[in-house]
Amino acid sequence: MERTFVLAKPDAVQRGLIGEIIKRLEQRGLKLVAAKFLQVSTDLAEQHYAIHKGKPFYEGLIRYICSAPVMAMVWEGPQAVTAVRQTMGATRPTEAAPGTIRHDFGLEVGRNLTHASDSPENAQAEISLWFKPEEMVDWKQSNETWISG
Ligand code: DAT
Ligand code: MG
């Protein structure tokens with residue numbers, strides 16, 4: 001089983017879309033294994049988006065991610081990284097496929113509602129940046145065998 005890190009970003013929180021995002025990931029069959037609601041510090045934002053430092057949109061991205069609370073989550077399932085990126089849609093909402101979160105709720109790249117890890121390696125790094133090991137909940141989903149056989 002694979003795990004991936006997901007954020008409902010400040011615009012999703014402000015627009016009351018946390019539930020919608022969680023609903024879509026639950027419906028997909030993924031299992032929630034950690035979650036917390038927090039105000040992101042500049043320090044955490046800079047660590048999370050270190051790969052984008054120096055890009056033209058970097059400063060705005062840090063301001064945006066710290067501008068209101070976020071819901072940070074870890075989701076588990078077969079190919080969870082790929083599955084969540086697919087449910088989330090392309091980075092630019094206008095390029096995201098209909099039926100994806102970014103298409104269905106977004107218009108601009110700077111307000112694209114969600115973050116999700118882009119590889120299993122980055123997922124591990126992001127999970128350990130945002131969560132302590134003891135914050136991960138080990139539980140069995142009763143319908144697991146009907147989602148992955
Ligand atoms: P993703 O979030 O799909 O993994 P990314 O890692 O390339 O995309 O970029 C991180 C975030 O930075 C992205 O969700 C929105 C913002 N961003 C990326 N490219 C941008 C651009 N050209 N202008 C403004 N914001 C951008
Ligand atoms: Mg990315």
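UniProt positions are given in the numbering used here, feature names are shortened, and annotations may be inferred rather than shown by experiment. With that in mind, select K9, F57, R85, T91, R102 and N112: an unreviewed UniProt entry lists them under "binding site". K9, F57, R85, T91, R102 and N112 from this set are part of the lining of the largest pocket (on a 1 Å grid over the protein atoms alone, a pocket is an open set of points where a 1.4 Å probe fits, with protein on both sides within 12 Å along at least five of seven lines; lining residues have an atom within 4 Å of a point).

A word on what you're looking at: this is a predicted model, where local features need pLDDT of at least 70, side-chain atom pairs count only at pLDDT 80 or more, and totals for chains, interfaces and linings use all residues. Residues are numbered from 1 along each chain as written, chains are lettered from A and ligands numbered from 1 in written order, and side-chain values use heavy atoms, without hydrogens and water.

Next, click ligand 1. Ligand 1 sits in the largest pocket, meaning more than half of its atoms lie within 2 Å of the grid points. Now show its surroundings (a heavy atom within 4 Å): K9, Y49, H52, F57, L61, R85, T91, R92, R102, V109 and N112.

Which side chains make polar contacts (N or O pairs within 3.5 Å) with ligand 1? K9 has one 3.1 Å from an oxygen of ligand 1, and R92 has one 3.3 Å from a ligand nitrogen.

Last stop: F57, in the loop between helix 3 (42–48) and helix 4 (58–65); helices are DSSP runs (H or I, at least four residues), numbered from the N terminus.

Key
A polar contact is a pair of N or O atoms within 3.5 Å; within protein, one must be able to donate a hydrogen and the other to accept it, and residues adjacent in sequence count only if both atoms are side-chain atoms. Helices (H or I, at least four residues) and strands (E, at least two) are DSSP runs, numbered from the N terminus.
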